[in-house]
Amino acid sequence: MQWWCSTSNIPWDWSWRAYPGVWLFIIVLFVMLRRWNAAGARAAGSSSFEPWRAAALGLGTAVLWIALDWPVGTLASGYLASVHMAQFMMIAMIAAPLLLCGITPQAMRLLEGRAGLLRVLTVMTKPVMALVLFNIIIAITHTPVVVDTLMPSQLGNMAIDLLWLAGGAIFWWPVVSRVPARPKFVDPLKIGYLIIGLMFSPVNIGVSAFLVYSRFPLFSTYELAPPIPGVSTVFDHQLAGLMMSVGGGMIAMVGMSILFFRWARTSG
Amino acid sequence: MGTPIARPDFTLTDTHGRPFDFRRETEGKVALLFFGYTNCPDVCPLHMANIAAVLAKMSFDDRDAIRTIFVTTDPARDTPGVLRAWLDQFDPTFVGLTGTADEVDRIQLALGLRPAQREAAAAGADSGEYFVGHAAQVIAFGRDGPARLIYPFGIRQTDWANDLPLLARGTMPRASPAATPTADDGALQPDPDVTAGDLVVSRVVVPVPSTAERTSLYLRVRNRGDVADTLVAIQTDAAGAATLHDQRMVGSSMVMEPLDAPFVIPALGEAWLAPGGAHGMLEPMLRPLGAGDHVAVSLTFARGGVVGTRAIVVPYARLESVLGAPAVRAPAAGRDDATGTR
């Protein structure tokens, strides 16, 4: 039994596979975030917060679980580059912001009492720095040599998954979180940040273009994987590139819409 | 450069029911010869898809100089119609050949390949379902006749794209193993040789079980002494029992049965437990095995005593390369080395 997904070279079928490491990670993460929220409520002397935050926490955890566990995690780790890309988007672009939204403002304010951590967060989540770090993580984790080296190992695969989650959290932090306070980073600027980060990032565009227009498959992990009937390697790679480009744009549109309406409501 | 493999002389039946004289039909052309079967879950469709993808990007003249020949090792299921439909998914110009199991085995033996062997499908599978263990390499015969290059499983489209145009123009691609190895080949290496007295045990490999009940054990034993020795018992921590089995042809079928003669390691020689011949049979399995796992193995020899070692578990597709096939895109150095089968 494997504890985390990795390239297996076993022909694909729909037999369920168990990944206890994924379950443990999801449970620990969910419990820790809940406890963090509870600690925030205790410190603030009030347990009231917007109900949607609990929903966001639950939804974010669920999306992360779906992305890491069978079948998405299995297909992504050793069969289809397109599912690998879908997994990346689910982890970094959907689960990460949802989990951040699921942390209550009271819980976030606890960070203000931890000077060292706050200093690190302040630097890492500066919008420009967050953009740079996120793009570095995307570039590294989509480089063929890195993918083909790490994917066959469970530890390597987990490292990629966690890097995506961390990168997503860093990227979304300045948009979602109010700690550290950035009064000058107003909603219109956040909209611009999402446009740059998700729609016009040179790394995003570069990776997706390489996948779509490359003459030959980039990743040997997927080129030499046991084939899924009806899906050619080239089509799979092209689909992965399209998903990165179009999917990133769609997620940016959702985020931008939310920010725009919030800005319109508060400024009007 | 090693010894070239002569272009074989055989006639099988193509997917239109016509006789196909391999030597005559491919004369003056590059012939990519591969033995496989259409129900293959990995190696066969990957080789065919990758060759087809590269051919589609080549010039007409280069493409016209190349013939891809797929000989089925599963004639019972791969009827000409089935074979044609399967090959057409990749490239309608691919030639599919069928023959009796005897004929196909003879051709493979002549090329230094072990005959294909039928393996049980997963537990609970339909009785008509089974796998066929077969050689995983494509043999590339040059336009001048013999084959000087073989392409094991793991070769990528970029490698084909580099080599095929050169072969098509009658040029020998550089024989350096420049191709990218498969992602996990590095992790799937057998343990170092174990030396006990005159015996050296190496390349101890177990394929990922295709059923929950059993799998095989393969290895090589060299005897540096001047007295023959005999392997009398095998024990592992992965199976309730380990016995020596053999594969042999009965009529047109390959059957597996307990080895009825001592497994002798000749003096100053070597012996293999290998696919298609004598091998260790591990059953019942005590635990599931996945690629990269290790199995503790204890071998008892009549003279050499007990030798402990460890087997690496490898996917079937990697079996040949881990057992000792040449490096990716290695030149054919002689029959045994060229094929990677023993």
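Residues are numbered from 1 along each chain as its sequence is written, while chains are lettered from A and ligands numbered from 1 in the order of writing. Because the model is predicted, local features need pLDDT of at least 70 and side-chain atom pairs count only at pLDDT 80 or more, whereas totals for chains, interfaces and linings use all residues.

The model scores ipTM 0.84 and pTM 0.73. Two stretches of chain B call for caution. Over residues 175–185 of chain B the pLDDT stays under 50, and the model has 29 contacts there beyond four places in sequence; two residues are in contact if their C-beta atoms, placed from the backbone, lie within 7 Å. Residues 325–342 of chain B also have pLDDT below 50, with 64 contacts in the model beyond near neighbours in sequence. Where pLDDT is low, the predicted coordinates should not be read in detail.

Chain B contains eight helices and 20 strands; helices (H or I, at least four residues) and strands (E, at least two) are DSSP runs, numbered from the N terminus. Of its 342 residues, 49% count as buried. A residue is buried if 20 or more other C-beta atoms lie within 10 Å of its own, exposed if 12 or fewer, and partly exposed in between, with C-beta atoms placed from the backbone. Among the contacts in chain B with a separation of 6 or more, 72% come from residues 24 or more positions apart.

Helix α2 of chain B (residues 43–55) has 13 residues, which at 1.5 Å a residue should span 18 Å, and its end C-alpha atoms are 18 Å apart, in agreement; the expected span is 1.5 Å times one less than the number of residues. Of the 13 residues of α2(B), 12 are buried. One of the residues of this helix is Pro45(B), which counts as buried because it has 20 C-beta neighbours inside 10 Å. Leaving aside neighbours within four places in sequence, Pro45(B) is in contact with Pro227(A) and Cys40(B). The C-alpha atom of Pro45(B) is separated by 9.1 Å from that of Leu87(B), 42 residues away along the chain.

The largest nonpolar core has 121 residues, of which Ile91(A), Ala95(A), Ala96(A), Leu32(B) and Ala140(B) touch the most other members. Such a core is a set of buried Ala, Val, Leu, Ile, Met, Phe, Trp, Tyr and Cys residues joined through C-beta atoms within 7 Å. Helix α4 (residues 81–101) of chain A gives the most to this core, with 17 residues. Apart from this core lies another, of 38 residues, including Ala238(B), Phe263(B), Leu273(B) and Val322(B).

In helix α10 of chain A, the buried residues are Lys190(A), Tyr193(A), Leu194(A), Gly197(A) and Leu198(A). They cover an arc of only 100° around the axis, so they lie on the same side of α10(A); the arc is that of the directions from the helix axis to the C-beta atoms. The buried residues of α10(A) pack against α7 (127–141), α9 (154–176), α11 (202–213) and α13 of chain A.

Some backbone details remain. A cis peptide bond, with omega about 0°, joins Trp70(A) and Pro71(A), and Pro71(A) is in the loop between α2 (51–68) and α3 (72–78) of chain A. Another cis peptide bond joins Val179(A) and Pro180(A), with omega about -5°. In chain B, Arg203(B) has a positive phi near 50° and lies in strand β11 (residues 199–207). Arg203(B) is buried, with 21 other C-beta atoms within 10 Å, whereas Leu268(B) is exposed, with 12. Leu268(B), too, has a positive phi of about 50° although it is not a glycine.

Technical notes: pLDDT is the predictor's confidence in each residue, from 0 to 100.
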